[in-house]
Amino acid sequence: MQILVINGPNLNLLGRREPGVYGSMTLAEIEGEMVKAAQDLQVSLTFFQSNHEGALLDRIHAAAADDTAGIIINPGAFTHTSIALRDAVSGVAIPTVEVHLSNIHAREAFRAHSYLAAVAVGQVCGFGPQGYLMALCGLVSRLRKGLAAP
Ligand code: DQA
């Protein structure tokens with residue numbers, strides 16, 4: 001089972017970006033932890049990070065043509081702005097879990113709204129890097145039950 005893990009803008013800065021909010025782990029370290037969890041779950045992961053909205057859309061579209069069974073995405077600030085990203089996720093109809101390191105509902109009001117949430121199978125936020133592992137477990141379990149995208 002192939003899972004695509006996408007990180008959006010500024011998440012390449014993890015480790016040195018606002019550590020009080022996002023923690024001290026780098027994106028590479030988080031991906032390393034995910035690889036270990038994926039081995040236990042017997043699934044394979046592909047990683048993609050971009051600061052560019054169009055590149056994220058293109059990668060999601062490409063997932064429809066490869067063997068991607070599910071997507072885990074932290075869209076960063078595009079969560080709160082991008083109808084195009086939401087349309088890409090609903091367009092490919094690949095079950096997708098939305099992840100945020102911080103609790104977006106406990107921060108500035110503009111972060112509380114996610115354009116993606118309504119087309120995601122679920123949202124994990126507020127658990128730091130652990131949230132990516134929680135998303136992986138939840139998504140794989142859902143896929144193994146044969147549940148489709150919402
Ligand atoms: C974030 C939350 C967003 O509001 C913010 O723009 C990010 C990171 C998170 O992981 O907590 O870039 O998605």
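Reply: Contact is taken to mean heavy atoms within 4.5 Å, while helices (H or I, at least four residues) and strands (E, at least two) are DSSP runs numbered from the N terminus. The model is predicted: local features need pLDDT of at least 70 and side-chain atom pairs count only at pLDDT 80 or more, whereas totals for chains, interfaces and linings use all residues. Residues are numbered from 1 along each chain as its sequence is written, and side-chain values use heavy atoms, without hydrogens or water.

Buried (under 20% relative accessible area, 1.4 Å probe, protein chains only) in α5 are Gly131, Tyr132, Ala135, Leu136, Leu139, Val140 and Leu143. They lie on the same side of α5 because they cover an arc of only 160° around the axis, taken from the directions from the helix axis to the C-beta atoms. These buried residues pack against β1 (2-7), α2 (27-41), β2 (44-49), β3 (68-74), β4 (96-100) and β5 (122-125).

A nonpolar core is a set of buried Ala, Val, Leu, Ile, Met, Phe, Trp, Tyr and Cys residues joined through side-chain atoms within 4.5 Å. The largest one has 22 residues, and Ile3, Ile72 and Leu136 have the most contacts inside it. Its largest share, six residues, comes from α5. Beyond its neighbours within four places in sequence, Leu136 touches Ile3, Met34, Ala37, Ala38, Leu41, Val43, Leu45 and Ile72. After α5 comes Gly146, with a positive phi near 80°.

Definitions and conventions:
Buried < 20%, exposed > 50% of the residue type's maximum accessible area, 1.4 Å probe, protein only.
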